[in-house]
Amino acid sequence: MTSDKDVNTMDAQASDVDAVVIGAGISGLYAVYKLREHGMTVHGFESAAGVGGTWFHNRYPGARCDVESIDYSYSFDEDLQQEWTWSERFATQGEILAYLEHVADRHELRSAFEFLTRVVSAVYDEAAARWTITTDTGRSLTARFCIMATGVLSATNRPDIPGRDSFAGESYHTAEWPHDPVEFVGKRVGVIGTGSSGIQSIPVIAREADQVVVFQRSPNYSIPAGNRPLSPEQIAEVKASYPERRRLARLSGGGTPFTPYPKGAMEVDAAERRRVYDEWWLRGGYLFAKAFPDQTVNLEANDSAREYVEAKIREMVKNPEIADQLIPDDHPIGTKRIVTDDGYFETYNRDNVTLVNLRSTPIVEITEEGVRTSDTDYPLDMLIFATGFDAMTGALSRIDICGRGGRTLREEWSAGPRTYLGMTVAGFPNLFVMVGPGSPSVLANMVLGAEQQVDWIAACIAHLDEHNAVSIEATERAVDEWVAECNEKAAGTLFPSANSWYMGANIPGKPRVFMPYIGGFANYGNICAEVAAAGYKGFDIA
Ligand code: N01
């Protein structure tokens, strides 16, 4: 593992390259690898001090991935796949970051990146058919292609609660966690937010802190991970069958090698339904949402899953009144990402943990001493914002992206993101968005999702080169049709009924649109392949 702070070894004098890649996370790293393999000059920018993206920043206690480590890993390098050994079923943030650093070293990817450098604008020059990228360090660079690997859960959300910045104690956001150890022992710690980040960190903090006060606005469904170390035998078995595992993952709805039960939840009797739920409960985590194929489509099926999980929560939480408050009543199970936890609900059986229900007693203000709700002052030594992200579009809207004729991406997306295949935007030639809105993105395994898109982009660029073309741009019609397709797919599910970040509902004023493509990972891959095979149908190539 190298240090947090990478040195800038790339050629800082380069003024024009074939492609700029913004972001050194999972998709940015692979984009650099693949485009270099295609013989292109590639320059990367990364605002952090090192590679890793999400896994660089989210160092909060208990941070792990909710996709199994053996699946949440690159498939493009068979030797890497055979050499790297995951220690646990669900890897910690530290192990995933070490893996990404290893990949960066193995393929010399760091040399492409300028670190500690935030891109502030990307402007398309129509006459030159070039993007000009400028940074907060005053750097300016032109490129034929601009790859936005800026992440979908990377722009943090610190809600504008009155007095937010007046708190005199230690204050952290889970996704901007310090690199030095944070001490909880002997402290009164407040946590605002009970999404994945809050639910993962609260049990770990509660084991050390004097007091933990959880400020919960919306309860969430969470399912124990069933994490465990991977034995040498399991590792050997996975490595021997990796090609088949990856093949099944690519054929699946979510990019992991799992398929739901072959019948709908209400097509089987209660005993069989229970048996299937027991099986998927033990499998652990968010995959529970996929036990039956109709669980997030049919409300009756959903209710059966919801009742099963509610009974489990009541078994885990000793105080029935607290259990009541921890059970969601505002969305069908699975329509917000089910959290994958380790001892979350049991944490409320501890004497040092207090649940504050913000639905009945909202936060009035944050004071110098702590948090004031409508009925109580909670004095704190530390306040943690586990308040999530301006998801999917936030990282892009924080950059001034200007396409043909001065069109800005912010304006284009003012009523919600509009893409063709989730990767391209009409009016923005040669700009590619990675794992973005309109693609399976967060609904699928992000690593295989990034590989699929980067491979598609590389093949697209090869096609342009073979045809001596300069640029490619989605047509307005293709965007209209793709947006309609995405909306139709979402409307056929229960997802739009939840006030989730998938819908932009967590950010005041953000348009309510279901952002990811929910038609399935395999279907999406097939559609992208068909578009390419048809000579890039829906694109203008010039
Ligand atoms: O963010 P969230 P997250 N006052 O938006 C609350 C991935 N992820 O960082 O629901 C009070 O889910 C907000 O309340 P409400 C994963 O995809 C994965 O936890 O808006 N509370 C909510 O409880 C995940 O879904 C992993 O009412 C406020 C919380 O803050 C996604 O990232 C780990 C508030 C935010 O929850 C985001 O997860 C971590 C306010 N003003 C993250 N504003 C794993 O792989 C917001 N909240 C396991």
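The shell around the ligand comprises nine nonpolar, nine polar and five charged residues (nonpolar: Ala, Val, Leu, Ile, Met, Phe, Trp, Tyr, Cys and Pro; charged: Asp, Glu, Lys and Arg; polar: the others, Gly among them). The model is predicted, with pLDDT of at least 70 required for local features and 80 or more for side-chain atom pairs, while totals for chains, interfaces and linings use all residues. Residues are numbered from 1 along each chain as its sequence is written, and side-chain values use heavy atoms, without hydrogens and water.

In total, 23 residues surround the ligand (a heavy atom within 4 Å), and the closest are Thr-194, Ser-196, Ser-197, Arg-217 and Ser-218. Helix α5, residues 196-208, contributes the most to this shell, with three residues (helices are DSSP runs of H or I, at least four residues, numbered from the N terminus).

Oxygen atoms of the ligand take part in polar contacts (N or O pairs within 3.5 Å) with a side-chain atom of Arg-217 at 2.8 Å, a backbone atom of Thr-194 at 2.9 Å and a backbone N or O atom of Ala-386 at 3.3 Å. The protein buries 87% of the 910 Å² that the ligand exposes when taken alone (Shrake-Rupley method, 1.4 Å probe).

Helices α6 (residues 232-240) and α7 (residues 242-250) pack at about 70 degrees, with their axes 5 Å apart (axes are lines fitted to C-alpha atoms over the stretch in contact; angles run from 0 to 180 degrees between N-to-C directions). The two helices are therefore roughly perpendicular (65 to 115 degrees). Val-238, Lys-239 and Ala-240 of α6 meet Tyr-242, Pro-243 and Arg-245 of α7 (heavy atoms within 4.5 Å). This contact involves four nonpolar, no polar and two charged residues.

Technical notes:
Polar contact = N/O pair within 3.5 Å; in protein donor to acceptor, adjacent residues only side chain to side chain. Parallel < 35°, antiparallel > 145°, perpendicular 65-115°, else oblique.
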